[in-house]
Amino acid sequence: MTAVAIEKAVFGQADLTNCDREPIHIPASIQPAGCMMAFTGPEYRLSRFSENTAVFMKRSPVQMGMKLTECVGEEAATIILSLAGNGDTTYPIIEFNVVCSEQQERDIAVHRAGDLIIVEFELPTPPQLHASLAVRQRRLIEHIRNPSDILSLLQRSAASIRQMFGYDRVMVYRFAPDWSGHVIVEERRENLESFLGQRFPSSDIPAQARELYKRSLIRVVSDASFRPVPLIESPNDAPLDMSFMHLRAVSPVHCEYLLNMGVHASMSVSLIVDGKLWGLIACHHYTPRTLLMAERIAAKLIGEFIGLQVVSLHRSRRLDLSQSTHKFLHQFLHDSCAITDLLQCAPEYLSRLDEFIACDGSGVLTEQGWISHGLAMTEAEVRTLVAKAGTSSGNQVWLSDCLNKSCGFSPSSAICGAMIIPFSPEQDDCLVLFRQEIIRTVVWGGDPQKTYTTGPLGLRLTPRRSFEIWTEEVTGHSTDWSNEDLEIAALFRTSLMEVAARSAWLKLQETILADNNRRMLTEELNHRVKNVLAMVGSVVARLPPENDSATRYRDTIQERFKALGRAHDLAMSSTEDGSLRNLLATEIAPYSSGEGKIILNGPDLFVTDRALSLLALLFHELTTNAVKYGALSTPAGQLTITWTSDLSTDFCHIRWQERNGPVVRAPTRSGFGSLLIERAITHDLGGSATTSFDPEGITVDIRLPTSALVSTTHQNTENSVIQTETFPDQKTDQSNLLQGKTVLILEDEFLIALDMQDTLVSDFGANAIIASDVPSALDIVHTSPIDIAFLDMNLNDVSSAPVATLLMEKSIPFMYATGYSKENLPSAPLPTIPVMEKPYIASEAANALSSVLANHCCSG
């Protein structure tokens, strides 16, 4: 690589090709409004001074090496050393009306630069001016205190500063992100042309000048035609950094710039906001104008106060915006807490984004797709833009007000600006905001691409013509994205990343749950298939009677398989009723040939999967025998099947009774049905069965534990009769125990609690009170007459044990409900308290409560 030599600019000799590198902080000269002396070493001897020192101080000539006391006198030397202190006093410290040698009063500014003590001397401020400045300064500050917005603050400030300091024009000059300037406020003499709204290129105030404005908050030019006063210094001395000096000479280029505008005096006060150069208060006067040190200090303090006011307004606005944004995002996080696809809730929130970041449209891009609102790109365009912007690799907020310039991308719509807020480090998932093209006419204070001709001091600005109004039409750009926009975007990004992380976690949990369910279903299916195959094998393995033909044996086997198929359909169907009544009706209904011939009577009881196949085979065999040899073989025959459920003994009784058929005789051999009655009922279901061969008809009594049968949600007391005959209701002894009782339901899931309440009230005639948390439940137990309670063991990670303890103290019966399996309970329940696992059927829970209440009444 070939190095390109860059010409080193020299102060006062720069031209337009290198003025941005002119070392304006080391001019080695001052303005003639005062003089300066610099002292060094332990004895504080004079090492540099301005050429006009003796004249300005009205004393004999000074020479290098003179002591501080010799130069300024004992009294002034003491004050100077006191102001300089022993530390690094970078910024000047002011003292007014200091008596120096020859009894001359001077205002002084003292600061350190390395091992130097630098002292600037100016004419003293009259005492009456001090008092006047204090009054005017206080009046100005009161006038601009508590502004409603930044623009009104600056307008009032400009008017007050012009009135206080008497300049012909006072402007507030706001820096843009590219460091071009914009006159946003102006107060001027009536006969002057307006600069309000005009823009000036960044080259008018180059980088090194902006840095000086940030270091030294005020700069005054008393006369742009001034003749610089050189410093007397040793040739071997390093250049003196004069950044913080009030009297520092300014560049001839700047003076010519002012004179070409017709300006002979100026004052610039820096506005610092959040540590950055935000703007300038620029004061112009069209004749020379000198400000005393006290006036400059007052102007500097006013500028600092205005800067603080701007900071306050900025932060107040940011705080309001931040609070509203946090409220918006809090609601967004709440609404999206259970979603796995951000696109589900995006439409509602996309329409509100422009309340926080000004935009014409927006959209969310995820793996699942693209959804947008307002002015937006297509999904294909967005994916192209994201790829060109490279946000997935950088994973930072990316923005542009000119997409064509930033990444060479021009969408089909009028969109020119975009902000991409990525929220997934590994994918292109992002929130995108769009801004449309804004065609603007920019008014420049001179052609920003201006050319120059040679003037009196070389290649310089051409007088007047460079400052004529010059307009430019700017196309292909949107409005700029601000720092506030970036701050809000960062908040959005944080919340979106949280939602994305939570969504990924939910997806993972769903995958794990699905895998577990699939494994459980596979195991259950394997278990069921093996059971069915084993039962089929048992049915097939039993030999037929000796007198049976192969055809009859085949038909018998087929009918048994059909019975098993019907039982399997009842067990597996989500729509069929798997109750004992339906099982019997399914087996027997095809053989009913007359009114009142077959009668079914009993409460609704669902048959467990374990009992379903066995009972289906049993009833099939009994029905087959009845059709062939019993009551269903004659027109006058009648079959009655009744069943009851006894909660006090936990057994169910089923009676199969045939009447008016052929005369019954006891069989000489046992068939398949007898085998099921005599052995399978006992072996498989833990029950018992007896068969009576009465002459008037066969009777089979089956006694089964309730563990083989589960009661339904609603205890149906109506009788189910094939044909027309009806029977009286068959209710259990404890069905009315909850009638008129007050039941406390402690449950944090509202729908579960509501279902339980409805069942207790509508089906059991009870009064039900719902509590959603432990404090509410305790208050109800203390204040209401509770007869029995149904407690969820765990309420949002809070144990219901305090409620259980209080119920026990008041001798109020209760039972637990829990979503945990008995093997995984979070805490061990009391051994005497029954526990019902979720999910449960509300009527089942109510029946359980009836049993608890019955047991409590018996024990009491």
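This is a predicted model: local features need pLDDT of at least 70, side-chain atom pairs count only at pLDDT 80 or more; totals for chains, interfaces and linings use all residues.
Ser 266 sits in strand β12, which spans residues 265-273. Is Ser 266 buried or exposed? Its relative accessible area is 2%, and the cut-off for buried is under 20%, so Ser 266 counts as buried.

Now show what surrounds this serine. Leaving aside residues up to four places away in sequence, Ser 266 touches Tyr 167, Arg 219, Val 220, Val 221, Leu 258, Cys 283 and His 284.

Pick Leu 258 from that set of contacts. Leu 258 belongs to helix α7, residues 252-260, and is buried there. Color the other buried positions of α7 too: Val 253, Cys 255, Glu 256, Tyr 257 and Asn 260.

Which residue caps the N-terminal end? Select Ser 251: a side-chain oxygen of this serine lies 3.1 Å from the backbone nitrogen of Val 253. After the helix comes Gly 262, with a positive phi near 85°.

Stay with backbone angles for two more stops. Most residues other than glycine have a negative phi. Asn 97 is in strand β4, residues 93-99. With a relative accessible area of 25%, Asn 97 is partly exposed.

Then jump to Asn 660. This asparagine also has a positive phi, about 65°. Where does Asn 660 lie? It is in the loop between β26 (651-659) and α17 (672-685).

Move on to a helix pair. Select α19, residues 774-783, together with α20, residues 801-809. Two packed helices are described by the angle between their axes and the distance between the axes. Here the angle is about 10° and the axes are 9 Å apart. Angles under 35 degrees count as roughly parallel, so α19 and α20 are roughly parallel to each other. The crossing of α19 past α20 is right-handed.

Show side chains where the two helices meet. From α19, display Val 774, Ala 777, Leu 778, Val 781 and His 782. Their partners in α20 are Pro 802, Val 803, Leu 806 and Leu 807. By class, this contact has eight nonpolar residues, one polar and no charged.

Finally, zoom out to the whole protein. Its secondary structure comprises 21 helices and 36 strands. Of its 860 residues, 45% count as buried. Among contacts with a separation of 6 or more, 66% join residues 24 or more positions apart.

Terms used
Residues are numbered from 1 along each chain as its sequence is written. Side-chain values use heavy atoms; hydrogens and water are left out. Buried means under 20% relative accessible area, exposed over 50%, partly exposed in between (1.4 Å probe, protein chains only). Helices (H or I, at least four residues) and strands (E, at least two) are DSSP runs, numbered from the N terminus. A polar contact is a pair of N or O atoms within 3.5 Å; within protein, one must be able to donate a hydrogen and the other to accept it, and residues adjacent in sequence count only if both atoms are side-chain atoms. Contact means heavy atoms within 4.5 Å. Axes are lines fitted to C-alpha atoms, for helices over the stretch in contact, and angles run from 0 to 180 degrees between N-to-C directions. Angles under 35 degrees count as roughly parallel, over 145 as roughly antiparallel, 65 to 115 as roughly perpendicular and the rest as oblique. A crossing is left-handed if the near helix is turned anticlockwise from the far one by less than a right angle, and right-handed if clockwise. Ala, Val, Leu, Ile, Met, Phe, Trp, Tyr, Cys and Pro count as nonpolar, Asp, Glu, Lys and Arg as charged, and the others, Gly among them, as polar.
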